[in-house]
Amino acid sequence: MKLAAGTNKLAKTTAPVVIAGPCSAESEEQMLQTALGLKKLQSVSIFRAGIWKPRTRPGSFQGVGTVGLEWLRTVKQETGLRTACEVANADHVAEALKHEVDILLIGAHTTVNSFLVQEIADAVKGVDIPVLVKNPVSPDLLLWIGALERFNNSGISDLGVIHRGFSTIDNAPYRNHPKWDHVAELKSQLPDLPVYCDASHIAGRRSLLRPVSQRAIDLGYDGLMVETHHNPVKALSDPHQQLMPPELDMLLQALNMQGNDPEEARSVVLQEEWRKEIEYLDDELMDLLARRTALSEKLGTNRQGNSSEAEEAWDQVLENLLLQANSFGMNKEFVKTVFQEVRKQYAQTHLYCDMGA
Ligand code: PEP
Ligand code: MN
């Protein structure tokens with residue numbers, strides 16, 4: 001894919017672009033108070049607010065809808081900040097354009113749906129508006145690129161992406177696990193594409209905002225998105241990850257905006273990925289061991305034949321495993337020790353020597 005020509009206004013110039021604002025628009029007062037607080041911060045140039053909220057379960061706050069766009073317009077008039085909101089279908093696009101929203105965001109739950117992305121791309125055809133596409137909830141690079149292609153085909157030249165992390169079964173320590181290497185792969189395929197980091201949806205908690213944001217800056221990201229609310233504890237969505245404007249100011253001041261050594265950042269990122277992968281493999285190993293134990297116990301209690309036959313069978317099994325060790329590039333002694341331990345454990349729990357399983 002080749003990006004549409006033109007200078008992309010989403011790319012950073014001297015310092016990363018900062019998008020801030022509440023997870024959700026809740027009231028005109030909340031929007032204005034937050035925006036006026038943000039206006040005092042030199043580095044914030046874009047005000048975001050969720051108008052329609054994709055929610056996991058029915059009954060949670062679904063966003064205020066179109067009235068929020070009126071408040072967003074008031075924020076623009078009162079503060080001069082550019083505005084951004086998420087759109088998830090063609091009607092949202094029409095409403096957002098009518099209310100002069102400056103930047104459209106495509107949420108992670110929308111990027112996964114090619115019908116919706118196409119509908120939105122058709123709705124912005126011929127419109128000169130920047131679009132930032134969040135990664136889909138699971139790490140599927142082609143799906144993400146596919147969404148970008150749809151906007152590219154609609155002639156959107158100010159196109160960028162937002163890394164907001166990926167869903168995993170656990171959410172520790174991050175709410176959405178960052179995959180910096182995955183985004184680096186996207187960037188290597190599309191080097192001119194501006195990349196932003198939604199530190200709030202990766203972190204999920206205030207304490208992780210700083211390391212996540214610094215990592216993004218070290219890796220050369222073009223911008224940060226940080227959810228901000230004048231009174232986060234009262235927020236109707238994502239209360240644990242939002243900062244008050246003065247807290248955002250402190251965060252931004254604490255960051256090294258020039259970025260630390262990118263090589264070092266890349267190597268730390270790789271190590272983190274590998275550590276995560278090892279954790280996952282350890283879980284798999286545990287699951288396999290438990291399943292093997294359960295099966296060998298079943299076999300032990302229903303065994304036919306004598307223990308010397310079982311012994312021979314086991315020797316054969318071990319021999320095959322050691323042959324496999326070669327082709328897997330594994331140390332034979334290590335493989336032997338592991339399987340002998342597994343077998344010994346089985347024998348101990350059964351208190352007899354019929355160890356053929
Ligand atoms: C948001 O930005 O408030 C939001 C819902 O984001 P995401 O699409 O990353 O879940
Ligand atoms: Mn949010």
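This is a predicted model: local features need pLDDT of at least 70, side-chain atom pairs count only at pLDDT 80 or more; totals for chains, interfaces and linings use all residues.
**Reading strands, helices and cores**

Me: What is the mean pLDDT of the protein chain?
Reply: pLDDT is the predictor's confidence in each residue, from 0 to 100. The mean for the protein chain is 92, and 96% of its residues reach 70 or more. Over residues 351-357, pLDDT stays under 50. For that stretch the model has 21 contacts beyond four places in sequence, a contact meaning heavy atoms within 4.5 Å.

Me: Back to β7: which of its residues lie on each side, and are they buried or exposed?
Reply: Start with the general idea: in a regular strand the side chains alternate between the two faces of the sheet. Buried means under 20% relative accessible area, exposed over 50%, and partly exposed in between (1.4 Å probe, protein chains only). In β7 (residues 195-198), V195 and C197 are on one side, Y196 and D198 on the other, and all of these are buried.

Me: What is the handedness of the unit made by β6, helix α7 and β7?
Reply: A crossover is right-handed if, with the strands pointing away from the viewer, the path from the first strand over the helix to the second runs clockwise. β6, α7 (residues 180-189) and β7 make a right-handed β-α-β unit. You can find another one in β2, α2 and β3. From β3 the chain then crosses through helix α3 (residues 90-98) to β4, again in a right-handed β-α-β crossover.

Me: How many residues of strand β3 are buried?
Reply: Four of the five residues of β3 (residues 82-86) are buried, so the strand is largely enclosed by the rest of the structure. β3 pairs in the parallel sense with strand β2 (residues 44-48) over three bridges, where R48 stands opposite A84. With strand β4 (residues 103-106), β3 pairs in the parallel sense over three bridges, and E86 stands opposite L105.

Me: How do I read a helix such as α9, and how many of its residues are buried?
Reply: Look at which residues are covered, and then at what covers them. Eight of the 10 residues of α9 are buried, including L209, V212 and S213. What covers the buried residues includes α7, β7, α8, β8, α10 (245-254) and α11 (262-301). From α8 (residues 199-203), A199 touches L209, V212, S213 and M225, not counting residues up to four places away in sequence.

Me: How many aromatic pairs are there?
Reply: Rings of Phe, Tyr and Trp (its six-membered ring) pair if their centres lie within 6.5 Å; planes under 30 degrees apart count as stacked, over 60 as edge-to-face and the rest as tilted. By this rule there is one aromatic pair. W180 and Y221 form it edge-to-face, 5.6 Å centre to centre with 70° between the planes. The pair links distant parts of the chain, with W180 in α7 and Y221 in the loop between α9 (209-218) and β8, 41 residues apart.

Me: Last one: which residues have the most contacts inside the largest nonpolar core?
Reply: In soluble globular proteins, nonpolar side chains tend to be buried together. A nonpolar core is a set of buried Ala, Val, Leu, Ile, Met, Phe, Trp, Tyr and Cys residues joined through side-chain atoms within 4.5 Å. The largest one has 67 residues, and F151 and L248 have the most contacts inside it. Helix α6 (residues 141-153) gives the most to this core, with six residues. Apart from it lies another core of 11 residues, among them L10, V17, A84 and Y196.

Definitions and conventions: Residues are numbered from 1 along each chain as its sequence is written. Chains are lettered from A and ligands numbered from 1 in the order in which they are written. Side-chain values use heavy atoms; hydrogens and water are left out. Helices (H or I, at least four residues) and strands (E, at least two) are DSSP runs, numbered from the N terminus. Two strands pair if DSSP finds at least two bridges between them.
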